[in-house]
Amino acid sequence: MASIRDYNVVEQFNSRLEEIRTKLLDQAMGEVLNDTAAELCQEHRHYMKSVLDTCFKKCKEDETMFDMIHAYKQDLKEKTSSLKKKSAERLEVVSEIEDKEHHKALLFQRIEKLKKDQARNRELIQSQNKANKDRLKKLNKCKDVFQKHLSLEIRKIQGEKLQFVFRNISRKDPDMVHMFLLQLDAEGVYHIISCDPPLEKMAHLEHRLQETNNFSAFLAHVRREFVALHSGAKMA
């Protein structure tokens, strides 16, 4: 048996102890590292799960937010379109109202003008009617004179028409009737409606009457033309 005091034996013993110690330390360190790694892996898994849950939740919130923003934009677009449409409709209504007001103002102006024109026409008609009545009165006053000196009969026919009947034109037949029909229009102008027998110069005499308004001279000329008609027939 070797002595423990032998230097080589001691060295071997120490070396063996160091190996055992190193091996034990390695085993202990390996276990510690394995436990630590397992804990770290577990913590990492928990952390990653928490991060993933947070990211998933954030993504859901972002999706919800994006959907809300999209819905808000769509609603805003629809409201903007509706407002534009209502604004256009309002402008159209305002334009129609303005047009109606303009037409209404023009209508009122036309009505006022018509009223004034009617009033003037009424006054003119009244004045002309009065003048025509005055003329008829004068003619009626002269009736006796005409009948006495010109053998003339005046008949009122259908309102403002007068028939003038001449006799004593023909010496052969004093009772032979010569006549013409006269009318006063709304403006007080004389118009010859008919003449029997017709006179060639009647249109000229009518024109002179309208120019001069000298009715007595007109009747004298008409009688003279009737007389000349018979004189010309006699000469022929």
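Visitor: How many disulfides does the count come to by the rule?

Guide: The count comes to zero disulfides. Here a disulfide is a pair of cysteine sulfur atoms within 2.5 Å. In general, it is a covalent bond between the sulfur atoms of two cysteines.

A word on the source. This is a predicted model, where local features need pLDDT of at least 70, side-chain atom pairs count only at pLDDT 80 or more, and totals for chains, interfaces and linings use all residues. Residues are numbered from 1 along each chain as its sequence is written, and side-chain values use heavy atoms, leaving out hydrogens and water.

Now look at Cys59. The closest cysteine sulfur to that of Cys59 is in Cys55. The two sulfurs are 6.4 Å apart, so they are too far for a bond. Cys59 is partly exposed, at 43% relative accessibility. Partly exposed lies between buried (under 20% relative accessible area) and exposed (over 50%), with a 1.4 Å probe and protein chains only. Cys41 is partly exposed too, with a relative accessible area of 41%.

Glu89 sits in helix 1, residues 7-141. Helices are DSSP runs (H or I, at least four residues), numbered from the N terminus. Glu89 has a relative accessible area of 41%, which means it is partly exposed.

Helix 4, residues 215-235, holds His221. His221 is partly exposed, with 36% relative accessible area. Leu205 is 16 residues from His221 along the chain, and their C-alpha atoms are separated by 7.6 Å.

Terms used:
Helix = DSSP H or I, 4+ residues; strand = E, 2+ residues; numbered from the N terminus.
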